[in-house]
Every structure is written in C-alpha cells, then in structure tokens.
Amino acid sequence: MRRLDPMDAPRTRRRDKLAPDPKVRREILAAALATLREQGVGGVSVAAVLERATLGTRAFYRHFGSKDELVAAIFLEMARVEERRLRRRMACAPTEIDAVAAWIDGRLDLAFDDTIESDLHRVSQEAQSQMFASPNLVMPAYAQLLKPLSAALARGLQQGVFRHIDPVTDAEAIHAVVWAAIERQWAIGDCDRDDVRQRVLRFCLRGLGVPAKAIAQVRFN
C-alpha cells in the first residue's frame, strides 16, 4: 500500500496567519503550470512546485489547502484566459446564432490555429483527462469556459431563435461535440477545418432548432 505523501495532504492547521499575497500566489501558479506542462497532472506535487518557485511550505499553505486545490486553480485560471478570448470572438456577432458559431469556431482554434499558446493545448488535454477521474478538479473550469456560450443560448431562447433548449445542458453538449472534433484533429492531423467547422455547426445548430436556411447564412469571425 502506497504511503500518503504528507506534502500532498491537506493541512489541518495553519500557523502562518499572514494574509495571502497575490504576487506569491501567481508565482506558485506559474511554477505549477510549468510543472504540469512538462510532466502532466501526475507530476505536479507540492514539493516539486515549491522547489521550482523557491518557496517554502508555509507560503504554499497560505494560498492553497492541498495539491488538488492548486491543480483546480491552474485549470480555472486557464479557463478564464480562454473565456476572455472566446468573448472577444463573439463580441461582433450580429445574432445569437452567429455568437454560438463564433464560440464553436473559437474552440476549434485549439486544433487548427498554430498561434494558440501551447499552454492552452496542454492544460486543455490534462483537464479533459481528469473529467472522469477527478471531476471536482475540472468542473469549475468547464463552467467558466461555457459561460459565454450558455449566455448566448439563454438570450437566443428568450428571443425565440432557439427552441426547447436548456442553455446550461446544451452548452455542455455543444462542447462535447466540438471537443470530439478537436481530439480527432490532434490524433489524425489531416482534417480540413472548413469541413469540420461546417459539420459541427450543422449538427449543433440543428439540435438547437435553427432552420437550415439560417444555418447557411451564419458568419464566421
């Protein structure tokens, strides 16, 4: 039986009463992200992160309660960065249908746009790998990522553009379809973006009750 690494276990007592320092927190997150990028979630430990950040355990537990809390914070931080990027893609959409299309196209950038930061690629892969093993680590990040899509679906539902949908549930379903296309491109590498985009778009918008004529008029940013 493997012995519990005391560095990875939550600390029940905190002798350090100093308030958290945003600068130190950023340093810990940066060190953890670098470790995750090189070694994956399995390689992230409190000891490894603190060694890279040249900080002590008291500094760590002033900001995070455990390794799991740190990993969840990495996922959430990257999700916030991606959310802002997606919102910029959606900002110029003239309709909620176009906004959904812009979100889909923005996520497909992960597979087809070489200018997207490699950190986002790796963290996205690691987050997906934890979806079933440790959902508590990734669900807050996914909720953040889906906020602009859910909001567009909710507005479209109110306007009568989308019919008989649940914005939160359908946002999750759209993400699942898009992610399958992303993973396929990562695995095969020879998919045509326009073809993938059109197939994903038709499938998702039809599920939202959008007529074929409206789908054919969708713009992409």
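## Exercises on an all-helix model

Val71 is buried, because its relative accessible area is 1% and buried means under 20% (exposed is over 50%, partly exposed in between, with a 1.4 Å probe and protein chains only). The model is predicted, so local features need pLDDT of at least 70 and side-chain atom pairs pLDDT 80 or more, while totals for chains, interfaces and linings use all residues. Residues are numbered from 1 along each chain as its sequence is written, and side-chain values use heavy atoms, without hydrogens or water.

### Exercise 1: The overall build

Find how many helices and strands the protein has, and what box its C-alpha atoms fill.

Solution. Start with the elements. Helices are DSSP runs of H or I with at least four residues, strands are runs of E with at least two, and numbering starts at the N terminus. The protein has ten helices and zero strands. In order from the N terminus, the elements read α-α-α-α-α-α-α-α-α-α. Next, take the box. Along the principal axes, the C-alpha atoms fill roughly 65 × 40 × 35 Å. Then turn to burial. Of the 221 residues, 49% are buried. Last, look at contacts, which means heavy atoms within 4.5 Å. Among contacts with a separation of 6 or more, 70% join residues 24 or more positions apart.

### Exercise 2: The surroundings of Val71

Locate Val71 in its helix and list its contacts beyond the neighbours within four places in sequence.

Solution. Val71 sits in helix α4. Set aside the neighbours within four places, and Val71 touches Val41, Val44 and Leu137. Now try a residue elsewhere in the chain. Gln185 is 114 residues away in sequence, and its C-alpha atom is 26 Å from that of Val71.

### Exercise 3: How α5 meets α9

Describe the packing of helix α5 against helix α9.

Solution. Helix α5 (residues 96-112) and helix α9 (residues 193-207) have axes 10 Å apart, at an angle of about 140°. The two are therefore oblique to each other. A crossing is left-handed if the near helix is turned anticlockwise from the far one by less than a right angle, and right-handed if clockwise. The crossing of α5 and α9 is right-handed. On the α5 side, the contact includes Ile97, Val100 and Ile104; on the α9 side, it includes Val196, Val200 and Leu201. By class, the contact of α5 with α9 has eleven nonpolar, no polar and four charged residues.

### Exercise 4: Aromatic rings

How many aromatic pairs does a search of the whole structure find?

Solution. Rings of Phe, Tyr and Trp (its six-membered ring) pair if their centres lie within 6.5 Å; planes under 30 degrees apart are stacked, over 60 edge-to-face, and the rest tilted. The search finds three pairs. Take Phe60 and Phe64. Their centres are 5.7 Å apart and their planes at 35°, so this pair is tilted. Phe60 is buried at 0% relative accessibility, and Phe64 is buried at 1%. Now take Trp179 and Trp186. This pair is edge-to-face, with 5.5 Å between centres and 85° between planes. Trp179 is buried at 4%, whereas Trp186 is partly exposed at 26%. There is also a cluster, formed by Phe60, Tyr61 and Phe64.

### Exercise 5: Positive phi

Say where Thr54 and His164 lie.

Solution. Thr54 is in the loop between α2 (46-53) and α3 (57-63). Thr54 is not a glycine, yet its phi is positive, about 50°. Thr54 is exposed, at 68% relative accessibility. His164 is in the loop between α7 (135-159) and α8 (167-188). Phi of His164 is also positive, near 55°. His164 is exposed, at 82% relative accessibility.

How values were computed: Axes fitted to C-alpha atoms, helices over the stretch in contact; angles between N-to-C directions. Parallel < 35°, antiparallel > 145°, perpendicular 65-115°, else oblique. Nonpolar A, V, L, I, M, F, W, Y, C, P; charged D, E, K, R; others polar.
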